[in-house]
Amino acid sequence: MTRLPHDRYCDEIDRQVERFRTVLASGADLSATVPTCPDWTLEELVLHVGEALRWVDLLVRTRAREDVPVARVPGASGPGVRGDAAALEEWLAQSGAAVVAALREAGPTAPVWSWAGDFTAGFWARRMTHELVVHHADAALAAGHPLGTVPADVAADAVDEWLWIVRFVQRNLPDRPTGELRLPGRSLHLHATDADPALDAEWLIELTEDGIAWRRGHAGATVALRGPLTSVLLAFYRRLPLDAPGLEVLGDRKLLEFWLERASFG
């Protein structure tokens, strides 16, 4: 599984935490509903993110060989007060700094438990990078801020990782909705229209009987999603509607919608 360099992930985690802090420092309403996660307020979203960062910090720092309940993670429940943006921002900053320090110290190959069969610190560096990228989009939408642009290398890697997760779930949790994404002869094509050609930011995803298979590159498909790379990524994560400005769906739109409904979890 090809990844970005470990330090690149660590740098991006730092950057994404700073982007969250900017949202919190802007005076955004912490009680605002997150439109893409309507069960959460903005404050609850940030608490979820900080909890995940502290949990991963503990896993990596202790080289955990099995899952650790979040209840055993020091400070994971938040800053101790509610409705205080400054306290929440400081707690999130500490959470991000801790996990980045743990990941840098461990390096990408250190053995660490994970839920996905890749038992390395490198898995967690990659996973937390993309968790933050997507949840920052959630926070920006809740606060009414511009979504901004995800760095191209990170956005392309996030698509790769999401496809890897979908295939992992298909193979290991066959009763999940991803199991319905076995449609031989059907395929999807993602095409980033603004990326450097050297990045090869196009994907062909085939819905085979054995589970999804994909490769980078241009190819015909049952349905194609075209647009700026950040928009393609966020639509693929169901953070932008398919009719968002700059996006174009060509071919069997219902197949793409079927994919998005069944490849959504977590």
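In helix α5, Ala 152, Ala 155, Ala 156, Ala 158, Val 159, Trp 162 and Leu 163 meet Leu 229, Leu 233 and Phe 236 of helix α6, where contact means heavy atoms within 4.5 Å. Helices here are DSSP runs of H or I with at least four residues, strands are E runs of at least two, and both are numbered from the N terminus.

A word on the model itself: it is predicted, so local features need pLDDT of at least 70 and side-chain atom pairs count only at pLDDT 80 or more, while totals for chains, interfaces and linings use all residues. Residues are numbered from 1 along each chain as its sequence is written, and side-chain values use heavy atoms, with hydrogens and water left out.

Back to the helix pair. The axes of α5 (residues 152-172) and α6 (residues 229-236) come within 9 Å and cross at roughly 25 degrees. The two helices are therefore roughly parallel to each other, a label for angles under 35 degrees. Axes are lines fitted to C-alpha atoms, for helices over the stretch in contact, with angles from 0 to 180 degrees between N-to-C directions.

Next come the strands, which pair if DSSP finds at least two bridges between them.

| Strand pair | Sense | Bridges |
|---|---|---|
| β3 and β4 | antiparallel | 5 bridges |
| β4 and β5 | antiparallel | 6 bridges |

A hairpin is formed by β4 and β5, with 2 residues between them.

His 189 sits in β3 (residues 187-192) and is buried, at a relative accessible area of 4%. Its side chain reaches the backbone oxygen of Trp 203 at 3.0 Å. Beyond neighbours within four places in sequence, the contacts of His 189 include Glu 202, Trp 203, Leu 204, His 218 and Val 223.

Trp 113 belongs to the loop between α3 (85-106) and α4 (121-143). With 17% relative accessibility, Trp 113 also counts as buried. Leaving aside neighbours within four places in sequence, Trp 113 is in contact with residues including Trp 55, Leu 59, Arg 65, Phe 119 and Trp 124. From Glu 44, Trp 113 is 69 residues away in sequence and 26 Å away in space, C-alpha to C-alpha.

Note on methods. Buried means under 20% relative accessible area, exposed over 50%, partly exposed in between (1.4 Å probe, protein chains only). A polar contact is a pair of N or O atoms within 3.5 Å; within protein, one must be able to donate a hydrogen and the other to accept it, and residues adjacent in sequence count only if both atoms are side-chain atoms. Angles under 35 degrees count as roughly parallel, over 145 as roughly antiparallel, 65 to 115 as roughly perpendicular and the rest as oblique.
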